[in-house]
Amino acid sequence: MGVDPGTQIMGYALIEVRGQRVDVLCYDVINMKALGSNHAVKLKRIFDRMLELIDEYLPDELAIEAPFFGVNVQSMLKLGRAQGVAIAAALSRQIPYVEYAPTKVKQSVTGSGSATKEQVAHMLRQTLTLPPIAEASKFLDATDALSVALCHHYQKGNAAGASGGKSWGKFLAENPERLGASTTTKKTTAKKTV
């Protein structure tokens with residue numbers, strides 16, 4: 001399960017991985033704009049909806065985007081609370097979580113850590129079969145969450161990633177002549193975590 005935390009709109013996505021195949025189960029948003037300015041009500045909505053999704057899809061892991069450091073300290077604190085509530089929901093169901101920096105997510109999916117939301121969404125459309133989403137305005141927040149889930153999949157070594165890279169161990173195993181003289185006696189093995 002991938003989550004792009006937010007205090008007004010929080011994106012979420014669930015993917016299923018079988019070997020190299022990635023299927024998108026769902027991606028959407030938790031929209032809290034209509035809940036007004038009461039931050040506690042929004043946090044409860046995040047927690048409740050996360051539990052509903054977890055109970056419905058039974059994810060093995062949660063991948064969540066880490067808050068970026070901005071100028072507005074109050075916004076950062078609210079975003080951190082939203083992230084914490086999503087993590088707490090996962091932990092309450094014994095689901096481990098991993099955080100990824102926004103630049104790491106973008107790099108994993110597009111090959112560029114400075115990609116825009118639109119570029120991330122375009123790359124996801126190119127690499128995955130995306131089910132339709134109800135409203136186009138929700139698309140970018142939902143695809144951000146999907147990119148977090150896909151980043152986690154790539155980081156676990158389940159795929160080469162959008163940039164086409166391979167693991168260092170696999171490269172060395174396929175290119176032993178590229179090793180320096182001092183390292184030729186070491187045995188290199190490629191290992192995948194599934």
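At what angle do helix α3 (residues 102-110) and helix α4 (residues 117-127) pack, and how far apart are their axes?

**View 1. Helices α3 and α4 pack at about 35 degrees, with axes 9 Å apart.** Axes here are lines fitted to C-alpha atoms over the stretch in contact, and angles run from 0 to 180 degrees between N-to-C directions. Helices are DSSP runs of H or I with at least four residues, strands are E runs of at least two, and both are numbered from the N terminus. On the α3 side, Lys106, Val109 and Thr110 make the contact (heavy atoms within 4.5 Å), meeting Gln119, Val120, Met123 and Leu124 of α4.

This is a predicted model: local features need pLDDT of at least 70, side-chain atom pairs count only at pLDDT 80 or more, and totals for chains, interfaces and linings use all residues. Residues are numbered from 1 along each chain as its sequence is written, and side-chain values use heavy atoms, with hydrogens and water left out.

**View 2. Helix α1 (residues 39-57) crosses helix α2 (residues 73-92) at roughly 30 degrees.** The two axes come within 9 Å. Among the α1 residues that meet α2 are Leu43, Phe47 and Ile54; α2 brings Val85, Ala86 and Ala89, among others.

**View 3. Both ends of α1, and what lies over it.** At the N-terminal end, Asn38 is the cap, with a side-chain oxygen 3.0 Å from the backbone nitrogen of Ala40. After α1 comes Leu58, with a positive phi near 50 degrees. Buried residues (under 20% relative accessible area, 1.4 Å probe, protein chains only) of α1 include Lys42, Arg49 and Leu53. Their cover includes β1 (2-4), β2 (9-18), β3 (21-31), β4 (62-65) and α2.

Notes: Buried means under 20% relative accessible area, exposed over 50%, partly exposed in between (1.4 Å probe, protein chains only). A polar contact is a pair of N or O atoms within 3.5 Å; within protein, one must be able to donate a hydrogen and the other to accept it, and residues adjacent in sequence count only if both atoms are side-chain atoms.
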